[in-house]
Amino acid sequence: MLDDNELLKKGILMTIAYAFVMSLTALAAKQAQTMIAVSTLVFWQSFFCVLILFPQMRGRWQKRSASVWRVHFLRSFGGFLGFLFYYWSLNHIPLVEASLLRTCAPLCVPFVVLILHRIKIPKARWLPLIIGFVGVAFVIQPTPDHLNPWHIVGFLSAIGLALSMVTTRMLSQQVTGQETLFVYFLVSTILSLPLMLVQGNSLVLPFAVWPWVAAVTMTLYVGMYLYNLAYTYAPASIVSPVSYIGVVFSGFWGWAVWGHVPDIYAVLGILFIFLSILISTRIAKNRG
C-alpha cells in the first residue's frame with residue numbers, strides 16, 4: 001500500500017509524462033496538417049481511438065438516463081471543439097502560443113460553471129482570473145497593429161476544453177473513464193465526418209501522412225490514460241499547475257523544429273497565466 005507522499009510523487013510523474021506526451025501529439029498534429037485538413041485529422045484520430053477503446057467496453061455497457069447522455073454529448077462536443085480550434089490555430093501561430101492559450105482552460109471553467117449551474121464566481125476567484133486574462137492579453141496583443149485572429153481561435157480551444165473538464169467532472173461519479181472517452185471519440189468521429197465532406201476534403205490519407213496520424217492517435221490515447229492516472233494519484237490542486245510544464249515542452253519543440261522563439265510578450269503571458277493557475281489551485285486546496 002502506497003502512502004500519501006508516494007502517491008503524490010506518482011501523480012506528479014504521471015502529470016509530467018502526460019504533458020510531455022501531449023506535446024508530442026501537438027508536434028505530430030502540426031506536421032500532419034501540412035498534408036491533410038484539420039477536420040480529416042480529427043476524424044481519423046477519433047476513429048482510431050474508437051477502435052482502440054471498443055474492445056475495452058465489451059460487457060461494460062449499462063443503461064443510462066437521458067440526463068447522463070446529455071452531459072455525455074456536452075462533454076464530447078466541448079472536447080471536439082477544443083481539438084478542432086487547437087489544431088486550426090497550430091497552422092497559423094507558433095506551437096508554444098497555441099499550447100499556452102489552450103492551457104487557459106482553468107480560467108474559463110468558472111464561467112462554464114456559471115452558465116451550466118448558475119453558480120456565481122466567488123470573490124476570491126476574481127484576482128487570479130484577472131491576472132490570468134492579463135496574461136492572455138499579453139499573448140494575443142489585441143491592438144490593431146498586432147491582433148492575429150488565430151490567437152482568438154487558440155483561446156476558443158480553451159473554452160471547449162473547459163466545457164469538457166466541467167462535464168467530465170459531472171460524469172465522473174456516474175460512468176467509467178473508459179466510457180467517457182469512448183463516447184467522446186465516437187461523437188467526435190460523427191461530428192468531424194460531415195465537416196470534412198462539406199469542406200470538400202478527401203477521406204483517403206496520403207501514404208506519407210500515415211505515420212503522423214498514427215503518432216497523433218497513439219500519443220493522444222496514452223496522454224488521456226496518463227491524465228486519468230495523474231488525477232487518481234494526486235489532487236487537482238497539484239495536477240493543474242504541474243501540467244503547465246507542457247508549455248515548456250511545446251516551446252522546445254517549436255524552437256527545435258521550426259525555430260520559433262517566444263517574444264517578451266509571450267513570456268510575460270506565460271508567467272501571468274502560470275501565476276493565475278497557481279493562485280487558483282492554492283485557493284481550491286485551502287478550501288478543500
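**Valine 166 and the helical chain around it**

Tutor: Valine 166 has its place in helix 7 (residues 149-171). The model is predicted: local features need pLDDT of at least 70 and side-chain atom pairs count only at pLDDT 80 or more, while totals for chains, interfaces and linings use all residues. Residues are numbered from 1 along each chain as its sequence is written, and side-chain values use heavy atoms, with hydrogens and water left out.

Student: Why is valine 166 called buried?

Tutor: Buried means under 20% relative accessible area, exposed means over 50%, and partly exposed lies in between (1.4 Å probe, protein chains only). Valine 166 has 7% relative accessibility and therefore counts as buried.

Student: Which residues does valine 166 touch, not counting residues up to four places away in sequence?

Tutor: Valine 166 touches Val109, Val112, Val113, Leu116 and His117; a contact requires heavy atoms within 4.5 Å. As for histidine 151, 15 residues from valine 166 along the chain, the two C-alpha atoms are separated by 23 Å.

Student: How many helices and strands are in the protein chain, and how do you know where a helix counts as one?

Tutor: The protein chain has 12 helices and 0 strands. Both are DSSP runs numbered from the N terminus: helices are H or I with at least four residues, strands are E with at least two. Along the sequence the pattern is α-α-α-α-α-α-α-α-α-α-α-α.

Student: What makes the protein chain as compact as a globular protein of that length?

Tutor: The globule rule is 2.2 Å times the number of residues to the power 0.38, and the radius of gyration is taken over C-alpha atoms. For 288 residues the rule gives 19 Å, and the radius of gyration of the protein chain is 19 Å, so the chain is as compact as a globular protein of that length. Its C-alpha trace spans about 50 × 50 × 40 Å along the principal axes. Of the 288 residues, 47% count as buried.

Student: What share of the contacts in the protein chain with a separation of 6 or more comes from residues 24 or more positions apart?

Tutor: Such residues account for 88% of those contacts.

Student: Is alanine 28 buried or exposed, and how do you know that?

Tutor: Alanine 28 has a relative accessible area of 2% and is therefore buried. Its place is in helix 1 (residues 4-32). Leaving aside neighbours within four places in sequence, alanine 28 is in contact with Trp212, Ala215 and Val216.

Student: Why does serine 250 count as buried?

Tutor: The relative accessibility of serine 250 is 3%, so it counts as buried. Serine 250 lies in helix 11 (residues 245-258). Not counting residues up to four places away in sequence, serine 250 touches Ser23, Leu95, Val96 and Ser99.

Student: Why is tryptophan 126 called partly exposed?

Tutor: Tryptophan 126 has a relative accessible area of 39%, so it is partly exposed. This residue is in helix 6. Beyond its neighbours within four places in sequence, tryptophan 126 is in contact with Phe111 and Ile121.

Student: What makes the phi of arginine 118 worth noting?

Tutor: Most residues other than glycine have a negative phi. Arginine 118 is not a glycine, yet its phi is positive, about 60°. Arginine 118 is found in the loop between helix 5 (105-117) and helix 6 (123-140). At 64% relative accessibility, arginine 118 counts as exposed.

Student: Why does lysine 120 count as exposed?

Tutor: Lysine 120 reaches 71% relative accessibility and therefore counts as exposed. Lysine 120 also has its place in the loop between helix 5 and helix 6. The C-alpha atoms of lysine 120 and proline 110, 10 residues apart along the chain, are separated by 8.1 Å.

Student: How do you know that cysteine 104 is in no disulfide?

Tutor: A disulfide is a pair of cysteine sulfur atoms within 2.5 Å. By this rule the count comes to 0 disulfides. For cysteine 104, the nearest cysteine sulfur is that of cysteine 108, at 6.9 Å, and cysteine 104 is in no disulfide. Cysteine 104 counts as buried, at 0% relative accessibility.
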